[in-house]
Amino acid sequence: MDAASAWHFCGMALKTRGKVARRGFFITFEGSEGCGKTTQLQRLARRLTRAGSAVLTVREPGGTALGDRIRHLLKFSRANHRMSAEAELLLFAASRAQLVREKILPALARGRIVLCDRFADSTRVYQGIGRGLDRSLIRRLNRFVTDGRQPDLTFVLDLPARRGLRRARTKTRRPDRMESQRASFYEAVRRGFRALARSEPRRVRLVDGSGTLHQVSQAIWKHLQPLLRGKGHDPD
Ligand SMILES: Nc1ncnc2c1ncn2[C@@H]1O[C@H](COP(=O)(O)OP(=O)(O)OP(=O)(O)O)[C@@H](O)[C@H]1O
Ligand SMILES: [Mg+2]
């Protein structure tokens, strides 16, 4: 059985039980540096766990032994600071391919809510728009590495690029390679994410990242609540 029919079969099996069983739900957090992805993902994970949902949190690049090695190459390894855009694209893709097969698909099949810190949309925006690589190649590559599994819901946290970088750079560590690009790169990235939200409004929700932690969390929750109910995760 291929992955798509396995997914369909799993959904059918769950529906035949009396009570609506919990079905996997895949949520990604996107946006430029320092917009609040990790903070909001963790807040949401705590909220869902308190409400009784089984949650898996993962991040990109990384999340597996292979992915963590790739993360180091992409972000922190000094020797790779001048990596080509093409090599960068393929390294992100390799990390994703492993994460999808080793962690994300198995967790979804067990009915978990998976929260992922960056995913395929980051590649579309950073490498497709920021680096100017072939966008149709990136679409095909993303389909290949994700086995065609799109997120059910994607939050793009929107914040002016400079404000996000200021937030990211007040963290205690040195900026990594992806945080050390020219200003116009981050402006293009922000525009790219906003355009993505306009082009896929059902899946991709633009959330104002400039509010307080609580305001941003509430905005996210408002989008999510009605969708979770349909999946058997009763959030109240
Ligand atoms: N709404 C907010 N208001 C003020 N500060 C915030 C807000 N959200 C996050 N921060 C702070 O901004 C910094 C960056 O947040 P966070 O690490 O969540 O962003 P990120 O999008 O995951 O960044 P990166 O792209 O570097 O992974 C952190 O110090 C965090 O505490
Ligand atoms: Mg983060």
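The predicted model contains an open sheet of 5 strands in the order β2-β3-β1-β4-β5, with parallel pairing. Strands here are DSSP runs of E of at least two residues, helices are runs of H or I of at least four, and both are numbered from the N terminus. Two strands pair if DSSP finds at least two bridges between them. The edge strands, β2 (55-59) and β5 (204-208), each pair on one side only. Neighbouring strands of the sheet are turned against each other by 20 degrees on average, direction ignored. In general, strands of a sheet pair through backbone hydrogen bonds.

Strand β4 (residues 153-158) pairs with β5 in the parallel sense, over 5 bridges. Asp-158 stands opposite Asp-208 in β5.

Helix α9 lies across β1 (25-30), β4 and β5. Its direction is about 155 degrees to that of β5. Axes are lines fitted to C-alpha atoms, for helices over the stretch in contact, and angles run from 0 to 180 degrees between N-to-C directions. Contact requires C-beta atoms, placed from the backbone, within 7 Å.

Ligand 1 has 15 residues around it, and Gly-36, Lys-37, Thr-38, Thr-39 and Arg-167 come nearest. A residue is near a molecule if its C-beta atom, placed from the backbone, lies within 6 Å of it. At least two residues of the shell come from each of α2 (37-50), α7 (161-169) and α9 (213-229). The largest share, 3 residues, is supplied by α2. The shell divides into 4 nonpolar, 7 polar and 4 charged residues. Ala, Val, Leu, Ile, Met, Phe, Trp, Tyr, Cys and Pro count as nonpolar, Asp, Glu, Lys and Arg as charged, and the others, Gly among them, as polar.

Residues are numbered from 1 along each chain as its sequence is written, while chains are lettered from A and ligands numbered from 1 in the order in which they are written. In this predicted model, local features need pLDDT of at least 70, side-chain atom pairs count only at pLDDT 80 or more, and totals for chains, interfaces and linings use all residues.

Note on methods: Two residues are in contact if their C-beta atoms, placed from the backbone, lie within 7 Å.
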